[in-house]
Amino acid sequence: MREYRKDEPVDFAIVGTGAGGGTLACKLAEYGFSVVAFDAGPYFRPLEDFASDESEQTKLYWTDDRIVDGANPVQMGSNNSGKAVGGSTVHFAMVSLRFRPEWFKSRTLLGYGADWPLDWREMWNYYTEVEQALKIAGPVNYPWGPRRPRYPYRAHPLNAAARALARGCEALGIKWTETPLATLSAPRGLAHPCVYRGFCVAGCSTNAKQSALVTWIPRAIAAGAEIRDLAMVGKVEVDQAGLATGVRYHREGAWQFQRARNVVVAGYAIETPRLLLNSATAKFPDGLANSSGLLGKNLMVQANQAAWGVMEQEVRSYKGPPSLAITEHWNYDDKGKDFFGGYSYMSQGPLPQLWANTQLSAHGLWGSRLMAEMANYNHVVGLKIVGEMLPQEANCVTLADEVDQYGLRIPRITYAWCDNDKRLIDHSLKFMTRALQAVDARDLWTQEDDTCHLNGTARMGFDPATSVVDADCRSWDIPNLWICDGSVFPTVGGANPSLTIQAIACRTADRIKALAKRGEVEARAYA
Amino acid sequence: MHEGRKIPQTQSRYPGYDVLSKSSGPSWNEQTRRVVMRRLSTRREPRFFTAEEFETVTAIAARIVPQPASRPPIPIAALVDRKLHEGVSDGYRVAAMPREREAWRLGLRALEAEAKAAHAGRFHELSEVLQDSLLQRMESGELNSPEWGNMRPEDFFRRRMARDIVLAYYAHPTAWSEIGWGGPASPRGYVRLDFDERDPWEAAEAKGGDDASVRRVNRHVR
């Protein structure tokens, strides 16, 4: 791996190496820019470092102190936050969905949320690029939305949990399909196909999972980027002129400084606003890139409610990726909805610790009732949504007074569901309950308080008063400061965000290259 | 759907299945063996909890995840102690709640104060009925000793105490065998994925009246 001097400016210092930062580091390096990408977590080598064990693999999660509050406090940690090179793609469930085209103009076309400054037709091509880069395994024909190219790899076989989803959909007269997944269904280079061990959200120990760690990052290094791991960036520095000059980071027990012509913040929707708020100066007292006052606001998680039941047959949903089948029916069909937005739902495969904690925290079981319910583990079947929550300014990331192990103020994450969110959840739970009844599952119950994914907090938009960055992920306030991760989403849709984050990163890299050629981005590569 | 087939509700639904019999086979890689064996050798003496706290945690764990007397118990309190000693964190907490170690200390102190006030005894000395009653009142937020401080009893129950206990229990191979989970699966993984399909290296389930033959099958799970 090439290494850069700290005292000479690189073209891009990127904070975070997940779906946003990892992808961007790769693309920018391949375009000839000098790149150092920082991650607070370690550079794991899955074949040597990963065990088949839920407890051990909590080492992949971001578990630094954070405070959650509001009417519906968000579960963090394992649920949505990664601290490793590759970010949370190292432990994501690999579900790789395109947005419904209308969502990019949901205010204009659907009457809610905010429009994106991006055109879905342009995004369609970037989705294709990412699907090819990750060799997504998906169905021959996707049942919803405009035509898309064939997925590069064939779909994975269905497990019993996925078959239950399929049967339920067919009984209720809606479409389903094999979930497009970022795990190999055929060999790729030195990597074997997925062996269906089912530990996906605890990290893939065989490298079948096409995380940023095994896709974009090796490409980035091959193209000359440096990945600086175990480096916690605590501050983006700016000069008197109001331009970013580099990043201050904690590594090997000391604070250090990397000079850079451009800084990209890609820490996901909590750490990104936290870093920019913690970087406040006299010139920018409310934090960097915050003249709109919107930095940290409009945090959006996604609804992640579930219906669970017990089948007569053995399901053994621990085998295979957890979500092998999906329906996006309620993302694309708006008829009969009493809410804005949409949701998909997928089959589930919780491992024992996750399942036991779900029974405890969401079903309220402990003692002999918990033990009796856990005995049904191999017969459990479940359907879980990824549902759209609406942007609200009151849902936000701010700084608490307490500090973490680096002496940096920790984030306070405030969240409350709005009435629309509740109506969507209610609709989904009723529908999924019918779907489970249709396959003769018994002892049905609903899990009502789970959420997933993190978006918003630095939304992209059309003007500096109502957004933090422009369509190119460039901050309105500081021209050499960029934000490239899920933070820039104005809305979230009812689809997992990772494919869209990566598509935006690919687009941003193309835009940076074009702007640099015109002299509108400072970079030695195109000087 | 086979209406007549009854799922047995006993502890021996997977008779003779021991997930550890796979530990030297192709479902367990070296990293996994190392991690699980280290867990199995967790020392029984507390390093984080005081001796008195440890008694309380042991008693609480026996109510949250009651274990059959027919096998050696999973040392739940010791596993929770190790987690706290090593400083493993969830990575988030509700605003009124301190971090893991402090929450445990505070919660145990408050529970003992409640036990003393209501029943003039220490928690681990109370009958199971009284213990359950205190835990239920903690779960529903009815306890109100000043010892709780700002921490809500129901938050301590659901977000910290019972959570850590349940996670410790299901981190143990004995619990994995009990529920018939396949356990660690790298690099071998699985092949047969459909309804009622079982790989030869998975637990066979007794369907009632077939215990002896199922036990024979499970003896060969490697």
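This is a predicted model: local features need pLDDT of at least 70, side-chain atom pairs count only at pLDDT 80 or more; totals for chains, interfaces and linings use all residues.
Student: How many residues of chain A are in contact with chain B?

Tutor: Contact here requires C-beta atoms, placed from the backbone, within 7 Å. On the chain B side, 50 residues take part. On the chain A side, the number is 57.

Student: Which element gives the most to the side of chain A that touches chain B?

Tutor: The elements giving two or more residues to that side are strand E3 (67–69), helix H5 (160–172), helix H9 (352–361) and helix H10 (368–374) of chain A. The top contribution is six residues, and the element that gives them is H9(A).

Student: Into what classes do the residues of the side of chain A that touches chain B divide?

Tutor: The charged residues number 13 and the polar ones 19. The remaining class, nonpolar, has 25.

Student: Which helix of chain B does H9(A) pack with, and at what angle?

Tutor: The partner is helix H6 (residues 153–169) of chain B, and the two axes are 10 Å apart. A:Gln353, A:Ala356, A:Asn357, A:Leu360 and A:Ser361 meet B:Arg158, B:Ala162, B:Arg163, B:Val166 and B:Leu167. H9(A) passes H6(B) in a right-handed crossing, and the angle with H6(B) is about 140°.

Student: In what sense do E3(A) and strand E1 of chain B pair?

Tutor: E1(B) covers residues 93–94, and two bridges join this strand to E3(A). The sense of the pairing is parallel.

Student: Which are the edge strands of the open sheet of four strands?

Tutor: The order is E16(A)-E17(A)-E3(A)-E1(B), with mixed pairing. An edge strand pairs on one side only. The edge strands are therefore the two that end this order: strand E16 (396–403) of chain A and E1 of chain B.

Student: Which helix packs on the sheet?

Tutor: The helix touches E16 and strand E17 (409–414) of chain A. Its direction makes about 60° with that of E16(A). This is helix H7 (residues 268–278) of chain A.

Student: How do the directions of H5(A) and H11(A) relate: roughly parallel or roughly perpendicular?

Tutor: H11 of chain A spans residues 419–437, and its axis comes within 8 Å of that of H5(A). A:Gly168, A:Cys169 and A:Leu172 meet A:Arg434, A:Ala435 and A:Leu436. The axes cross at roughly 100°. Angles of 65 to 115 degrees count as roughly perpendicular, so H5(A) and H11(A) are roughly perpendicular.

Methods
Residues are numbered from 1 along each chain as its sequence is written. Chains are lettered from A and ligands numbered from 1 in the order in which they are written. Two residues are in contact if their C-beta atoms, placed from the backbone, lie within 7 Å. Ala, Val, Leu, Ile, Met, Phe, Trp, Tyr, Cys and Pro count as nonpolar, Asp, Glu, Lys and Arg as charged, and the others, Gly among them, as polar. Axes are lines fitted to C-alpha atoms, for helices over the stretch in contact, and angles run from 0 to 180 degrees between N-to-C directions. A crossing is left-handed if the near helix is turned anticlockwise from the far one by less than a right angle, and right-handed if clockwise. Angles under 35 degrees count as roughly parallel, over 145 as roughly antiparallel, 65 to 115 as roughly perpendicular and the rest as oblique.
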